[in-house]
Amino acid sequence: MKNRLIIFLISASIALGLFLLVLKYIEIEKDRLYEAERSTTAERYVRFQSAVESLISDNITILNGYTAFLSMEEKPSQESAVNYLENLVDENNSYIKNISTLEDTTISFIYPLDGNQSAIGLNLSELESQRDPVLKVKQSLKPVFQGPVELVQGGSGFVARVPTLSKSGDYQGQISLVVSGDSFLQEIDRLSKLHGLEVLFFKTSEYPKAPFYGDASILDKRPLNFFMINDYISWKVAVIPFGGWSEKYSTIDMSLKLGLLFSLIVFFLTFFSIDFFDQSRVKLKEKNFEITYQRDEIEALYEQAYSMNQELESLISRNKKNFFDTVSSLVHALDAKDPYTGGHSQRVKEYSVKTAERMGLDEGSKEILSFGSILHDVGKIGIPDSILNKEGSLTDEEYDMIKNHPKIGFNIIESLELDHETKRIIHEHHERVDGSGYPNKLLGDDIHLFSKIVCVADAFDAMTSKRSYRETPMSQSEAIAELERNRGTQFDSQVLDVFVDILREELK
């Protein structure tokens, strides 16, 4: 009886081990399919966002055309303005409800007049629903796209506004264009279906409580989150594939059933084989060939288990490669947005890994640094091209948007199964050891060592590369001097010593 119990436990252990291997394989395969689906969804969203931004910019373009028309004459007659707008609206956009001219912040002219007479003489800066965007245009002298908003004439809509300036560049008033809210959201609905997406839109300041478009249940379905931020809007978008994420894969479910069946077969085969071997050993010691037969059978089972383990290791390796390919596609997308920084992430990775080797970090740390440095600027995907590629100095507002890219990058990769240190690199690579960095003004040892390494590598490559705002890059010697000048303020002294030693060896 005791021998039977031991044989049962051995057989159960072998069968359980094989079944766990099958479960591990299924888990890896599901993860691979899941990550592939998320990557495909992200690519579809990029195309969807481009279409939505184009829809908004088309309305701004219409306003710019009307503004140019008004500037051709000192004071064009209302008749000529009406004739121009009739052609403009017919040719460009059937969704337009009206176009207004404001003197300062008060409506002085509106087309069409029918149904909108009550708006004439209305000071929009006194309306709570429209005060902020109207004053923002007046103060910033930049276009604004507002919505959805309750309209004075009734209903809801989206309003595009551009400033009108005197010849000396002083603020005179505004031109506003009202788009039917229903028509605009219907177009978003068409574009989302065209790209195979379900989307949920929020004004960034109202997330996650007040979406203005989409089904709020998307938030319970592990959505991808993106920011749609440019000169005109600041929205947050939650996205899932149309119909939701794929939850069942028939081939994987079949593998699970076959794995369970195989484990049961192995269990019974092992149990009866060992039991038979044990009885034969006790009763028939002289029959050595039977013992040999049983031993060979056990060895065959061991070889099968070993083969499955090798296959599992191969699957894990392929899974890592697929994940790295996904990472590379994000970096290529970033390089495509900013041609001046092409290859920047790869060079930062090489500098970071060299520094880690010189500091004696282990292979695991170097792998984390490799992923983190490749991905450190992924948040720039959410920054408008007009700012990334701007020649000359950025405005304070533009620089504030640039400073958002560590947070945007962290939001993009937050739901991915990456090491915590990798996510910290993306979030902290612009922090400074004196506490004056961004986004969280971390100080000294509060900044992760890996983030300090990438910070130095990123700054050096930026100084020695051609950029939109700087035609001639620094030499290596000039860049080293600039690094030394910021020792203990921007850069960690220990990391900087190692990094500079590597650069000076290369100069020799």
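Visitor: Why is R487 called partly exposed?

Guide: R487 has a relative accessible area of 29%. Buried means under 20%, exposed over 50%, and partly exposed in between (1.4 Å probe, protein chains only), so R487 counts as partly exposed.

Visitor: What kind of model is this?

Guide: This is a predicted model, where local features need pLDDT of at least 70, side-chain atom pairs count only at pLDDT 80 or more, and totals for chains, interfaces and linings use all residues. Residues are numbered from 1 along each chain as its sequence is written, and side-chain values use heavy atoms, with hydrogens and water left out.

Visitor: What makes D497 and R487 a salt bridge?

Guide: The rule asks for a side-chain nitrogen of Lys or Arg within 4 Å of a carboxyl oxygen of Asp or Glu. For D497 and R487 the N to O distance is 2.8 Å, so the pair passes the rule. D497 sits in helix α15 (residues 493-507), and R487 in the loop between α14 (476-485) and α15. Helices here are DSSP runs of H or I with at least four residues, strands are runs of E with at least two, and both are numbered from the N terminus. E484, R487, D497 and R504 are linked in a network of salt bridges.

Visitor: How do you know that E397 and K142 form a salt bridge?

Guide: Their closest N and O atoms are 3.7 Å apart, and the limit is 4 Å, so this pair counts too. E397 lies in helix α10 (residues 396-402) and K142 in the loop between α3 (131-140) and β3, so the pair ties together parts that are 255 residues apart in sequence.

Visitor: Is D445 buried or exposed, and what about K452?

Guide: D445 has 76% relative accessibility, so D445 is exposed. K452 has 9%, so K452 is buried. The two form a salt bridge, with the closest N and O atoms 3.9 Å apart.

Visitor: Why are β4 and β5 called a pair?

Guide: Two strands pair if DSSP finds at least two bridges between them. Strand β4 (residues 156-165) and strand β5 (residues 171-180) have nine bridges in the antiparallel sense, so they meet the rule. V159 stands opposite V178 in β5. On the other pairing, β3 (residues 144-150) and β4 run antiparallel with five bridges, and V149 stands opposite G157.

Visitor: What makes β4 mostly covered?

Guide: Eight of the ten residues in β4 are buried. For the protein chain, 45% of its 508 residues count as buried.
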